[in-house]
Amino acid sequence: MGGENVSVIFKVYCLTVMTLVAAAYTVALRYTRTISTGDLYFSTTAVCITEIIKLILSLGMLSKETGSPVRLKNAIVEHVFCSPKELLKLSVPSIVYAVQNNMAFLALSNLDAAVYQVTYQLKIPCTALCTVFMLSRSLSRLQWFSVFTLCGGVTLVQWKPAEATKVQIEQNPFVGFVAIAIAVLCSGFAGVYFEKVLKSSNTSLWVRNIQMYLSGIVVTLIVFKLTLLFVLPVLASVGGLYTSVVVKYTDNIMKGFSAAAAIVLSTVASVILFGLQITTSFASGAILVCVSIYLYGLPKQDTSTLSREDTDRESKQRLINV
């Protein structure tokens, strides 16, 4: 856990909201890219609007945290206008997240929501590797086993992919998988990088969000298109805020833990909305992915404590023998 003094109920609440929003966002995005009869919008437009909404929501939360307009102004001046190095530091994950979000649009234009959700969980082994190298953490044998199980589950899902019957546009699965691969790499790196920045100082979570979203807006404005979409940016914004809260008060491992439920919800919605036909290999792979996510999220056993206990026993035994 992240070491913050918050209740278990609050953590469960954050994980639940993040799960529901993730499932709703994925299904809604898939619907608007393949079923909706309106003009196809630019993904860069939705990503830019998402960052703007996140910034507004974060300003609101910081205002509540500071308690007065004067303190809010002082916090913004100190941490935004007078901290160019911090803005530059947070521009790294914002750029990577912008790439990831655009790849998500591309992937969901070519893959079903359920297939996307399962395959996208490859971000967990990617996050695991980034955690080991960037945060100098170790993973238990059970966690490494769950990583390989997850990869096996994703392989089963793609062995004989499920098919949707109501999609109205031509799709290219290869493009979808390439987009997912890029999104997975971006997610793993940006998530761990952001966690490292969050937990390396006592700076407010909402200040960090504002620093990152400002950079994200600048990046996305470069390719901004004057096309408006409302539902997807709102879902993505709320999901992004709850994701940062989960990372702050738990960690990236627990963030992946909620993905299993999102897979189930997305699959059910895909069956209802898109006529998804579930195959045996898809179901088996999805179950393996969900089980691996559960195993990966189990707490590690403190082996150092066990080693000390064994050493103490040996020392006592030696004294007895003497």
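A: A disulfide is a pair of cysteine sulfur atoms within 2.5 Å. By that definition, the structure of this predicted model holds zero disulfides.

Q: What makes cysteine 82 count as buried or exposed?
A: A residue is exposed when its relative accessible area is over 50%. The value for cysteine 82 is 54%, so this cysteine counts as exposed.

Q: How many helices and strands are there in the protein?
A: The protein has 14 helices and zero strands.

Q: What is called the largest nonpolar core, and which residues have the most contacts inside it?
A: A nonpolar core consists of buried residues of nonpolar kinds, Leu, Tyr, Phe, Ile and Met among them, joined through side-chain atoms within 4.5 Å. The largest such core has 21 residues, and those with the most contacts inside it are Leu55, Leu62, Leu90, Tyr97, Phe194, Ile210 and Met212. At least two residues of this core come from each of α2 (43-66), α3 (69-81), α4 (84-108), α8 (173-199) and α9 (205-221). The most is given by α9, with seven residues.

Q: Which residues is leucine 90 in contact with, leaving aside its neighbours within four places in sequence?
A: Contact requires heavy atoms within 4.5 Å. With those neighbours left aside, leucine 90 is in contact with Phe194, Val197, Arg208, Gln211, Met212 and Ser215.

Conventions: Residues are numbered from 1 along each chain as its sequence is written. This is a predicted model: local features need pLDDT of at least 70, side-chain atom pairs count only at pLDDT 80 or more; totals for chains, interfaces and linings use all residues. Side-chain values use heavy atoms; hydrogens and water are left out. Buried means under 20% relative accessible area, exposed over 50%, partly exposed in between (1.4 Å probe, protein chains only). Helices (H or I, at least four residues) and strands (E, at least two) are DSSP runs, numbered from the N terminus.
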